[in-house]
Structures are given as structure tokens and as C-alpha cells.
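The tour goes stop by stop.

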Amino acid sequence: MYDRILIAVDGSDEAERAAKRGLEFARVFDATVDILHVVERKALRLARSADQKARLRERGEAVLEEIEGLASDIDQPVTTELMEGRPAIRIAEYAAERGVTLIVVGRQGLTGVGKRLLGGVTERLLHRSDVPVFVVPKGAPDATTDYSDLLVSTDGSEIAADAARHGAAVARRYDSAVHVLNVVDLQAAGGAFNAGGLEREFVDRLEADGEEIVEDVAMEIGDEVPTVTAAVVRTTSFDGVAAGIREYIDDADIDLVIVGARGRSNLGRRVLGSVTSALLRTIDVPVLVVTRSS
């Protein structure tokens, strides 16, 4: 599934933590590794002298050398690359040109307005990339080898089915249990102005549809993974499906979440999707985002 992994680093603690997980992933999948640092074009433009620009590039080289040292500690060969430009664009272009099959990035901690808006390089990359992106949040545990329980969130769409196949591939390598989850969003089903509640028969039908969805996925991947658990949960939260997923993550002690991005809008631009965006903003376990359906 992953034979060439690109780890994008910026010198932050989050990027270093993501790099450690990416290097471990590469070891388990026997993948080649590219380490990329992009010197931001804006920073170069604001530099007032040639010396300042040189220091920005030197800092980038130092960041690459640090990650190269981490790779050497586990005997993982890597190729390093220093580029200039807009990071999200350069990362996506590099991945497309070099045949990368997985991108690994860190997600910075979110405070204030950032709790509501993901922003930054990670979101822009997810909008652009046709390659799955493994996002490691600041609060993720240091352990890089424990993926005992994986969660695949599914809504029955093609991209969700593709995410399940990625989940199965990871589960085979790590001997993981896979939890296949469908969340029944009662707020969305009832509409924002529904004050009378939903008919029990209608809710039962929603749950039956969800059970059919998760059972189909469980049947498709069941022969490939050690254990599959299919679950349907309800949520009445105004945070919608993401709230149901977060609660399940806590209850089942999930180590990795695999989700599909929504696809492309009618304008041809990739749409991240509200559920995926909300998860990336609010959970402290890594998220593998499958950005394109096969």
C-alpha cells in the first residue's frame, strides 16, 4: 500500500513527532523515505539581506539533518530535499512527481480561533493532495508502534470504502483490531428547525441503514484483518458526526483514525469535508486522511 513515504518537516516539535511515526511506518511497510523541508517564499521575500536568506536555507538544512539523524538511529535510509516556495504546493507537487504513496505531516496545536479554523499548511495540503495524508497532532502519544485499535469511519460512500481498504492495509501490518463505525446524526436528520423530535420508525430506519453500511465494509475487509467490530452510534450533538466519532475514540481507546475526504466540488477544487476537518481540529490521535477514491 505504501512503498514511498514523504515526510514534510518544518523544524517544529509537531513535525519531529510526525517524522518519528512516519519513519516507523516506513520500516513496517518496507518503504523508501523522502524528507522534505520547504523554505517559505514569503519568508525569503521578507528577508532584508542575502545573509538572512542564507540563514533561512541553513536552518532548513539543519532541520533535514536532524530528521536524517532520527532515521539513522533506526537504520532507515532516507533522501532529503530542500525546496523554496509555498509549502503546501511544493509538498503536493513533490509527491505527485516522485510517485509518493503517503505523506506524513504534523498538526500544530490549536488555540483561540484555531480551535474553529484548522488553517495552515496541513489543511491546504489536504485540499491539494491526491495522496493520502497521515496527520499527527501535537497531543498524540509518543509511542509510534502501538496501533492496536484502528477506527474506520464510513458513510457508505466510495471514498469511505477506499479509506477502509487503507485501514485494512495498516491493520495487517500492525496486527490491529479494526472498528468500522457509522454515526447517525439526529440533528442533521431532523433539520435545524425540527422542534418535535423524530419518529421512532424513522430513527430505526437510519440505524438499519447504518448497520447495513458497516456490515458491508466489515465483510469486505474481514478476511484481511485479525478482528473487525462493526458499530452504529447515534449523536444528538450540534457538532454532528464528528462528536459521535470522538466519543467512540475515547470509549474504545482508538490509536489511529482513517477517514475519507469528501472529494471535489463542482468547481473542481478538493473539499475537505466538515467531519474530517472537525476531527483534525479536535482529537489527539493520528488521522489518516484518504484524499482520493481509487
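## Stop 1: Gly-60

Select Gly-60: leaving aside its neighbours within four places in sequence, Gly-60 is in contact with His-37 and Leu-82 (contact means heavy atoms within 4.5 Å). The model is predicted: local features need pLDDT of at least 70, side-chain atom pairs count only at pLDDT 80 or more, and totals for chains, interfaces and linings use all residues. Numbering starts from 1 along each chain as its sequence is written, and side-chain values use heavy atoms, with hydrogens and water left out.

Gly-60 sits in helix H3 (residues 50-73). Helices (H or I, at least four residues) and strands (E, at least two) are DSSP runs, numbered from the N terminus. Gly-60 has 0% relative accessibility, so it counts as buried. Buried means under 20% relative accessible area, exposed over 50%, and partly exposed in between (1.4 Å probe, protein chains only).

## Stop 2: the whole chain

Zoom out and colour by secondary structure. The protein chain has 10 helices and 12 strands. Of its 294 residues, 48% count as buried. Take the contacts between residues at least 6 apart in sequence: 79% of them join residues at least 24 apart.

## Stop 3: the aromatic rings

Show Phe, Tyr and Trp side chains. A pair of aromatic rings is described by the distance of the centres and the angle of the planes. Rings of Phe, Tyr and Trp (its six-membered ring) pair if their centres lie within 6.5 Å; planes under 30 degrees apart count as stacked, over 60 as edge-to-face and the rest as tilted. How many aromatic pairs does this rule give? The count is seven.

Pick Tyr-2 and Phe-29. Their rings form an edge-to-face pair, 4.9 Å centre to centre with 70° between the planes. Tyr-2 lies in the segment before strand S1 (4-8) and Phe-29 in helix H1 (residues 13-29), so the pair ties together parts that are 27 residues apart in sequence. Both Tyr-2 and Phe-29 are buried.

## Stop 4

Two packed helices are described by the angle between their axes and the distance between the axes. Here, axes are lines fitted to C-alpha atoms, for helices over the stretch in contact, and angles run from 0 to 180 degrees between N-to-C directions.

Select H1 and helix H6 (residues 158-174). Their axes come within 10 Å and cross at roughly 75°. H1 and H6 are therefore roughly perpendicular to each other. Angles of 65 to 115 degrees get that label; under 35 counts as roughly parallel, over 145 as roughly antiparallel and the rest as oblique. On the H1 side, show Glu-24, Phe-25, Val-28 and Phe-29; on the H6 side, show Ala-169, Val-170, Arg-173 and Tyr-174. These contact residues divide into six nonpolar, no polar and two charged. Ala, Val, Leu, Ile, Met, Phe, Trp, Tyr, Cys and Pro count as nonpolar, Asp, Glu, Lys and Arg as charged, and the others, Gly among them, as polar.

Stay on H6 and centre on His-166. Is His-166 buried or exposed? With 8% relative accessibility, His-166 counts as buried. Beyond residues up to four places away in sequence, His-166 touches Met-1, Tyr-2, Pro-132, Ile-258, Leu-288 and Val-290.

## Stop 5: H4 against H5

Move to helix H4 (residues 87-98) and helix H5 (residues 120-128). Their axes come within 8 Å and cross at roughly 40°. That makes H4 oblique to H5. From H4, Pro-87, Ala-88, Ile-89, Ile-91 and Ala-92 meet Val-121, Arg-124, Leu-125 and Arg-128 of H5. By class, this contact has seven nonpolar, no polar and two charged residues.

## Stop 6: H10

Select helix H10 (residues 274-282). Thr-276, Ser-277, Ala-278, Leu-279 and Leu-280 are buried there. The buried residues of H10 pack against several elements, including H5, strand S4 (102-107) and helix H9 (241-252).

## Stop 7: two loop residues

Finish with Asp-75, in the loop between H3 and strand S3 (79-85). Its phi is near 60°, a positive value in a residue other than glycine. Asp-75 counts as exposed, at 70% relative accessibility.

Then jump to Asp-175, in the loop between H6 and strand S7 (177-185). Phi of Asp-175 is near 55°, again positive in a residue other than glycine. Asp-175 is exposed, with a relative accessible area of 59%.
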